[in-house]
Amino acid sequence: MRSAEVRRVALRAASVGAAASLALTLDNARRIRRPDPTAIANPEPLNVLLPVRDEMDEITGCLTALRAAADRWPGRIRLLVLDDESTDGTGRLLDELARTDERIEVLHGTPTPSGWLGKSWACEQLSRNADHDGVLVFVDADVRLAPDALVASVALLRTSGLDLISPYPRQHATGPAERLVQPLVQWSWMSTLPLGLAERSARPSMSAANGQLLVVDAAAYHRAGGHAAVRADVLEDIALLRAVKRSGGRGVAADGSAVADCHMYHGWREVRAGYRKSLWSAFGSLPGTVAVVALLNLLYVVPPIAALRGSRAGVLGYLLGVTSRAVSARSTGGRGWPDALVHPMSILAFTALTVDSVLARRTGQLSWKGRAISETTR
């Protein structure tokens with residue numbers, strides 16, 4: 001086959017794939033569940049579990065927001081915070097904050113056992129000290145909950161009949177690197193995972209979740225094995241939802257932009273470090289990673305290159321990708337314009353971060369918050 005014909009076939013395939021992805025994004029935008037700020041929750045026991053490690057700059061703001069949300073909870077509530085061997089004074093600050101509110105219970109974590117990753121071990125320790133009935137809410141220190149977040153999220157969990165929901169917080173992105181990469185987090189599952197089917201399906205592979213904010217029925221959590229079941233998983237949030245599904249439960253990602261905010265990474269250095277630790281494991285295996293990255297480049301990088309050479313099919317493919325990105329942003333509280341216009345550049349940045357992560361994994365250079373990520377992780 002001549003090279004010109006190969007290019008035409010590739011462009012057709014890219015356009016068809018991008019169109020299918022856009023159609024799914026539009027369908028998900030219509031179906032996605034959202035916590036209702038006006039909802040009323042039943043007064044069942046609620047345990048909010050917050051693991052922290054070296055979070056001096058975040059913990060006061062996080063707990064201030066948590067306390068405001070806790071004020072609206074109609075039943076028993078506990079705010080359990082675990083200091084995961086912080087070295088920056090986080091533990092002392094937590095002890096001071098706990099003295100101002102009897103609902104705050106500070107735990108001081110023990111060293112991470114062999115075979116565990118730090119966050120999963122911190123969450124496991126928290127869950128062991130939590131009530132075994134009602135609802136567990138796992139939240140990260142860089143998340144800021146709205147005053148109605150806990151009531152709205154638990155009400156959604158109960159009215160949906162699900163065992164786990166993951167209300168994705170609104171992701172704040174300020175600098176160029178953040179605005180280029182961060183929107184891909186929500187877009188990745190909005191454009192590839194049929195949410196309506198995912199929440200009904202028992203298949204663990206049909207899962208998307210974000211550990212920044214996880215709301216889970218306590219009985220379902222323990223039935224799934226808790227964080228002990230995902231002790232070695234870098235992406236422990238998705239792994240936990242898969243464990244819930246394997247134990248007979250159901251769960252799904254939701255749009256939490258109205259009830260929570262998160263500024264995950266600040267600048268390129270943090271973006272690179274954050275994705276370096278996990279992207280190598282995002283697609284199951286090295287062949288899977290290569291296949292996904294190649295497909296993304298075919299669908300969203302090849303068409304704009306062809307468009308620059310005057311191809312109408314390339315223009316169409318480019319616009320399909322931009323539209324999918326814009327719809328995803330609008331549906332999840334992100335910035336749609338003009339950021340969506342550089343979607344091909346975002347895919348290239350993602351490709352570079354994935355290659356960096358794979359190489360770091362193969363050379364034993366993975367670490368996070370001062371801890372090495374061992375070869376036993378998955």
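Ile165 touches Ser153, Leu156, Leu157, Ser160, Leu213, Leu214, Val215 and Val252, leaving aside residues up to four places away in sequence; contact here means heavy atoms within 4.5 Å. The model is a predicted one, in which local features need pLDDT of at least 70 and side-chain atom pairs count only at pLDDT 80 or more, while totals for chains, interfaces and linings use all residues. Residues are numbered from 1 along each chain as its sequence is written, and side-chain values use heavy atoms, with hydrogens and water left out.

Ile165 sits in strand 6, residues 164-168. Helices (H or I, at least four residues) and strands (E, at least two) are DSSP runs, numbered from the N terminus. With a relative accessible area of 0%, Ile165 is buried; buried means under 20% relative accessible area, exposed over 50%, and partly exposed in between, with a 1.4 Å probe and protein chains only. For a sense of distance, Ile165 and Arg99 are 66 residues apart in sequence and 32 Å apart in space, C-alpha to C-alpha.

Helix 5 covers residues 149-160, and its twelve residues reach 16 Å from the first C-alpha to the last, close to the 16 Å expected at 1.5 Å a residue. The expected span is 1.5 Å times one less than the number of residues in the helix. Helix 5 is mostly covered, with ten of its twelve residues buried. Just after helix 5, Gly161 takes a positive phi of about 75°.

Helix 4 can be read in the same way. The twelve residues of helix 4 (residues 118-129) should span 16 Å at 1.5 Å a residue, and the end C-alpha atoms are 17 Å apart, which agrees. Nine of the twelve residues of helix 4 are buried, so this helix is largely enclosed by the rest of the structure. The buried residues of helix 4 are Gly118, Ser120, Trp121, Ala122, Cys123, Glu124, Gln125, Leu126 and Ser127.

Now to how helices pack against each other. Two packed helices are described by the angle between their axes and the distance between the axes. Axes are lines fitted to C-alpha atoms, for helices over the stretch in contact, and angles run from 0 to 180 degrees between N-to-C directions. Angles under 35 degrees count as roughly parallel, over 145 as roughly antiparallel, 65 to 115 as roughly perpendicular and the rest as oblique.

Start with helix 2 (residues 59-70) and helix 3 (residues 90-98), whose axes come within 11 Å and cross at roughly 30°. Helix 2 and helix 3 are therefore roughly parallel to each other. Their crossing is right-handed; a crossing is right-handed if the near helix is turned clockwise from the far one by less than a right angle, and left-handed if anticlockwise. Ile59, Thr60 and Leu63 of helix 2 make the contact with Leu93, Leu94 and Leu97 of helix 3. By class, this contact has five nonpolar, one polar and no charged residues, where Ala, Val, Leu, Ile, Met, Phe, Trp, Tyr, Cys and Pro count as nonpolar, Asp, Glu, Lys and Arg as charged, and the others, Gly among them, as polar.

Helix 1 (residues 3-31) and helix 12 (residues 286-300) pack at an angle of about 100°, with their axes 8 Å apart. These two helices are therefore roughly perpendicular to each other. Here Ala10, Ala14, Gly17, Ala18 and Ser21 in helix 1 meet Leu298, Leu299 and Tyr300 in helix 12. Six of the contact residues are nonpolar, two are polar and none is charged.

Helix 11 (residues 267-276) and helix 15 (residues 343-362) pack at about 55°, with axes 9 Å apart, and are therefore oblique to each other. Trp268, Val271, Arg272, Tyr275 and Arg276 of helix 11 contact Leu353, Asp356, Ser357 and Ala360 of helix 15. This set divides into five nonpolar, one polar and three charged residues.

Finally, look at the loops. In the loop between helix 14 (312-331) and helix 15 you will find Pro338, joined to Trp337 by a cis peptide bond with omega of about 0°. Asp54, in the loop between strand 1 (46-52) and helix 2, has a positive phi near 55° without being a glycine, and at 27% relative accessibility Asp54 counts as partly exposed.
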